[in-house]
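Trainee: Could you take me through one part of this model up close, and then follow what else stands out?

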Amino acid sequence: MLAPALALLSVFMLVPIAIAGYLSFTDWDGLSPTPGPVGWANYERLLSDVDVQHAAVVTAVITVVGTVGCNAAGLGLALLLNRRNRFTSLLRAVVFYPYVVGPIIIGFLWSAILGADGAIANALIPLPFLSDPAWAVGSITFVVVWSQFGVNVVLYLAGLQTVPASLLEAATVDGASRWQTFRAVTWPVLAPSVTVNIVLVLVGLLRVYEIVLALTGGGPAGRTSTFAFLILSSSFRSNQLGYGAAQAITLMVVIGALALGVTALRQRAERAVAA
Amino acid sequence: MNLTRRLVLLPVVFLMVVPAYLLVVNSFKSQQDITQDPFGIPLPRLSVEYLVNALNSPDFSLIKAYTVTALFAVGVNLLSLLVSGPAAYVIARGTKVGHRALLVLFLVGMFIPGQVLVIPVIYVLKTLGLMGTVPGFLLFETTLTLPISMFLYVSYIKTVPRELDEAARMDGAGPLTTFWRIIFPLMKPAVVTAIVLHTIGVWTDFVNPQIILGPASSLYTVTTSVYAAIGKYSTDFTVVYPNLLVAVVPVMAFFVFLQRNIVSGLTTGATKG
């Protein structure tokens, strides 16, 4: 009964990872019948490649700012929406809908709004939202947060339902202010929720691709390529599959290390709260 | 507090709604009206012409793309259930360390970015002779659903009393029969959650259909046909807005009807972890 699931997992996940690992030590161009071994050359090249450095910076900015943004906006809004009526469920839908629409469509919609001939340029003021590298990274980060924080609102709202009403009442009876109640009651109970939200956003943002493709196509001059974007473009546009594989393996290791690291750190925080 | 609430919520709602407003309004306007006054509604000059063009585009049939994507979603959901249901049952009922390890192995897949897999998967698919084919795409896409399915099903089956299994075994049913006849009918909430999440996943997926199916198969999903349609005419807003609107409407309908399931699906998925 396990066989079909294990077969799929092996053929389409474990074997491909092994292949990527193998290809990352070759100079395969996707065409030649036998990939030539090159040792650690691809990984050494990663360290000195200017495009990789740009992509690493862009990815880091999107990930750090986006993770803080999604979580701050998600928790903030969840606290404001944490009451049951028709108005709040409508608002929840309003912040959540981009998740269902999907990143490629969201990216195209925002490029029609932010682009050089887009809605903002024509109706208000022309600003280099997508044409200046620094602005463009900001725009990408904004659109990513815009399209994803609704998920965090929903997850934090679910977390808030686990805060015992009796504790909140007790805090009110004892004359605690709103902030004191949040700090002493809500925040500790929410700790596992915070962990899940941070890890999910982190893992999601490290692989941002479609929004970049639709908004800037990685440009101008490759200055807004994320790491995930770079992997696919070095693999396909420039036929450097061996090098692309080295980038892919690196991204996978970074994501794994960050996910484990954050979970470990948060577990310590959760235990500290419980003690 | 109510004033602060409004002061925060109003700008948020504004930011969330304006793109949707532009999308709807500009789908009925001419290029000139869109560029001169993107936010305006020139009532006498509104026209459904552009939407009709988007639906009848000679390059890409969006109607066909809907059908293809919907069939893909059905196929992936069926395969995912057939494969992960019995496996989840074995793991949920298993008592050995190995079962726990297997579950972890399945869940680790959640952290592996598609970009890492897709290139070597091409290699695998070529070897199997499945590159650019529907079965190849469906099998890979199904594999990507396994982490979520296994997680949801294993945690759900653990809440189903083991006495039911034993009763079935007394009656001479094998494990596979027990799963499909006794356990599966009780799993409706978990199955609905999985279907909702996977359907959104397949519907919004762009990279995998674009790369694995590619232009060679001439099979376009909604996302890849919108990409192909808009890529060529990205400065012609009478193409961009209507195509996006046509792509979004069915998803929004799905969302409005199933909002409750989507939300509960996401939250059970994330809070039990």
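This is a predicted model: local features need pLDDT of at least 70, side-chain atom pairs count only at pLDDT 80 or more; totals for chains, interfaces and linings use all residues.

Mentor: Residues count from 1 along each chain as written, chains are lettered from A and ligands numbered from 1 in written order, and side-chain values use heavy atoms, without hydrogens or water. At its start, a side-chain oxygen of A:Asp132 comes within 3.2 Å of the backbone nitrogen of A:Ala134.

Over in chain B, B:Phe106 sits in helix H5 (residues 97-108) and is buried at 0% relative accessible area. Beyond four places in sequence, B:Phe106 touches (heavy atoms within 4.5 Å) residues from both chains, including A:Leu6, A:Leu9 and B:Met150. B:Leu146 is another of these neighbours; its C-alpha lies 6.9 Å from that of B:Phe106, though they're 40 residues apart along the chain.

The structure has two salt bridges over all chains (Lys or Arg side-chain nitrogen within 4 Å of an Asp or Glu carboxyl oxygen). B:Asp33 pairs with B:Arg45, closest N and O atoms 2.8 Å apart. B:Asp33 is in H2 and B:Arg45 in the loop between H2 and H3 of chain B, so the pair ties together parts 12 residues apart in sequence. B:Asp33 is buried at 9%, while B:Arg45 is exposed (over 50%) at 51%. In the other bridge, B:Asp165 meets B:Arg93 at 2.8 Å, N to O. That pair ties together H8 and H4 of chain B, 72 residues apart in sequence.

Conventions: A polar contact is a pair of N or O atoms within 3.5 Å; within protein, one must be able to donate a hydrogen and the other to accept it, and residues adjacent in sequence count only if both atoms are side-chain atoms. Helices (H or I, at least four residues) and strands (E, at least two) are DSSP runs, numbered from the N terminus. Buried means under 20% relative accessible area, exposed over 50%, partly exposed in between (1.4 Å probe, protein chains only).
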